[in-house]
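Subject: A structure for you to look at

Hello,

I am passing a protein structure on to you, and I hope you enjoy exploring it. Please open it first, and then read my notes alongside it.

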Amino acid sequence: MQLSEQEIVRRESLEKLRDLGINPYPAAQFNTTASVKQIVANFAKFEGKQVVLAGRMMSRRIMGKASFAELKDGSGRMQIYINRDEICPTDDKVMYNDVFKKLLDIGDIIGAKGEVFKTKVGEVSVRVTELTILSKALRPLPVVKTDADGKVHDALTDPELRYRQRYVDLIVNDHVKETFIKRTKITNAIRQFFNERDYLEVETPILQPIPGGAAASPFVTHHNALNIPLYLRIANELYLKRLIVGGFDAVYEFSKDFRNEGMDKTHNPEFTVMELYVAYKDYNWMMDMTEQLLEKIALEANKATTVTFGKHQINFKAPYARVPILEAIKIHTGFDLIGMDQSGLIAVCHKLNIEANETMGIGKLIDEIFGEKCEHNYIQPTFITDYPKEMSPLCKEHRDDPRLTERFELMVAGKELANAYSELNDPIDQKERFEEQLKLSEKGDDEAMFIDQDFVRALEYGMPPTSGIGIGIDRLTMFMTNNASIQEVLFFPQMRPEKKQVAMTDEEKIVFDILKNNSPITLNDLKTKSGLSNKKWDKTIKGLTKNKLAKVNKTDDGLFVELV
């Protein structure tokens with residue numbers, strides 16, 4: 001591993017600390033007496049009192065015998081004041097002159113004991129009398145600086161780097177932590193809402209012999225002892241409904257689900273869903289309950305029922321509009337799909353420039369039409385209801401129209417947030433629906449549902465009338481925190497394998513940095529911008545192309561260089 005100059009210096013400082021008899025990674029417990037937030041929020045209570053803080057040093061201003069530093073703990077940031085003679089009351093000034101000034105670095109974790117006071121400019125601070133090194137950081141942090149014009153420099157802003165090194169992102173970008181604190185408030189609000197109604201939180205299997213409960217491609221693995229294939233669950237629905245059969249009246253679960261499908265700004269292969277099932281209810285009751293729940297969540301997370309999401313103001317206050325899906329399609333495409341067969345739907349898809357083929361069943365075709373032409377129109381929370389039977393293999397037949405089901409999806413900002421049914425509890429009907437899915441699978445639909453014979457057997461023992469709902473927690477958090485990308489609300493989103501870093505010479509770094517902002521660029525312009533001599537230029541461009549960091553393309557307009 002090739003170390004940067006700063007990393008080498010930090011390792012040298014580490015050894016010097018040890019030479020001074022200071023353990024840079026002490027094992028003993030370090031007891032704090034207050035947090036930054038407590039001190040700043042209750043200055044009158046803490047003024048003149050001794051406190052013990054611990055946190056990461058985020059900045060430092062050395063001014064001779066006295067210095068200021070910024071300490072960041074889990075609750076916030078505050079200033080500490082370090083005077084040489086106060087932390088070194090004897091003639092031995094090593095702790096200040098050598099340790100603090102020379103051997104500590106930005107990012108090091110320290111403990112500080114001292115008195116709370118306000119500076120002349122009114123900033124709450126701690127006058128340090130005792131300094132303790134708790135952890136030496138061997139890599140430098142990106143140091144966020146704001147110039148006189150308000151421009152931010154050296155911030156960690158590259159999304160891929162932020163998601164891959166979330167620990168650094170959380171250290172230097174304070175707003176990121178707030179997103180995840182709000183995510184916890186959202187799940188706590190849901191739990192409180194359900195627990196107040198005596199709904200039971202449960203856990204169901206993640207490894208399943210049959211990936212049921214949704215139409216999706218599963219991840220598959222193998223259990224050596226049982227010598228059987230197992231699947232990471234795509235949904236927990238069928239297990240929760242087994243519990244309703246078993247006699248629980250209301251159960252819910254925060255479920256990690258996994259789908260072996262594409263990734264984009266709203267999809268991650270691992271995601272979190274909250275599913276709830278309540279006996280003796282229907283989808284009309286569930287719509288009313290969902291409105292109450294989302295109002296509560298918005299208030300808990302944002303202290304208002306209206307939240308900002310991109311350019312939209314989304315109002316989660318009840319009631320929400322309710323629009324049947326076929327009516328929505330007719331409104332936005334002009335096509336009436338009621339009673340239309342597969343060939344008719346394929347023809348409609350072609351007229352609407354939507355890809356469609358014979359492997360797609362009626363349900364999937366309608367879903368494609370709605371997804372492509374309708375859902376983006378529903379910005380405010382809207383229940384899209386009464387889906388055709390072919391789209392909903394686990395849903396009860398509509399009480400007024402046997403071609404439809406009692407199902408709704410909640411659309412917000414053009415995206416599905418929740419999916420809910422009056423649950424199908426007729427075991428004969430359920431088995432027939434599963435068999436229809438099997439036919440689709442044999443036609444080539446790799447997202448068609450498997451037949452879960454044990455679930456059918458459970459229904460044969462009798463499941464009460466039940467309503468169920470699944471709410472995407474990741475997407476809900478996106479809406480409540482004004483984040484357009486799911487990666488922003490997952491601590492550790494799935495990423496492509498990290499490319500092996502290639503060591504570059506100083507000249508290669510200069511040219512590479514130019515390319516980052518000017519790719520592609522003509523070969524001559526790049527050489528001119530680099531300011532390198534002919535000999536250094538030839539060596540540099542050969543080094544970048546050899547290591548596959550850049551490539552040279554010959555076009556009719558000349559030679560161009562671009563990043564690989």
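This is a predicted model: local features need pLDDT of at least 70, side-chain atom pairs count only at pLDDT 80 or more; totals for chains, interfaces and linings use all residues.

**The overall picture**

The protein has 564 residues, and 46% of them count as buried. Its secondary structure comes to 19 helices and 23 strands. If you draw a box along the principal axes, the C-alpha atoms fill roughly 90 × 70 × 55 Å. Now look at the contacts between residues with a separation of 6 or more: 63% of them join residues 24 or more positions apart.

**A cavity inside**

How many cavities of 30 Å³ or more does the structure hold? There is one, and the volume of this largest cavity is about 30 Å³. To find it on your screen, select Gln-208, Ile-210, Gly-212, Ala-235, Leu-238, Tyr-239 and Asp-452, which line it. This lining is made up of four nonpolar residues, two polar ones and one charged one.

**Aromatic rings**

A pair of aromatic rings is described by the distance of the centres and the angle of the planes. Searching the whole structure gives 13 aromatic pairs.

Tyr-81 sits in strand β3 (residues 76–83) and Phe-117 in strand β4 (residues 109–118), so the pair ties together parts that lie 36 residues apart in sequence. Are these two residues buried or exposed? Tyr-81 has 17% relative accessibility and therefore counts as buried, and Phe-117 is buried too, at 13%. The cut-off for buried is under 20%.

Then turn to Phe-383 and Phe-408, whose ring centres are 4.9 Å apart with planes at 75°, so this pair is edge-to-face as well. Phe-383 belongs to strand β17 (residues 382–385) and Phe-408 to strand β18 (residues 407–412), which makes the pair a link between distant parts of the chain, 25 residues apart. Phe-383 is buried, with a relative accessible area of 0%, and Phe-408 is likewise buried at 0%.

Finally, ring pairs also join Phe-193, Phe-194, Tyr-199, Tyr-252 and Phe-254 into a cluster.

Notes
Residues are numbered from 1 along each chain as its sequence is written. Side-chain values use heavy atoms; hydrogens and water are left out. On a 1 Å grid over the protein atoms alone, a cavity is a set of points where a 1.4 Å probe fits but cannot get out, and a pocket is an open set with protein on both sides within 12 Å along at least five of seven lines; lining residues have an atom within 4 Å of a point. Grid points are joined across faces, edges and corners, and a volume is the space filled by probe spheres set on the points. Ala, Val, Leu, Ile, Met, Phe, Trp, Tyr, Cys and Pro count as nonpolar, Asp, Glu, Lys and Arg as charged, and the others, Gly among them, as polar. Helices (H or I, at least four residues) and strands (E, at least two) are DSSP runs, numbered from the N terminus. Buried means under 20% relative accessible area, exposed over 50%, partly exposed in between (1.4 Å probe, protein chains only). Contact means heavy atoms within 4.5 Å. Rings of Phe, Tyr and Trp (its six-membered ring) pair if their centres lie within 6.5 Å; planes under 30 degrees apart count as stacked, over 60 as edge-to-face and the rest as tilted.
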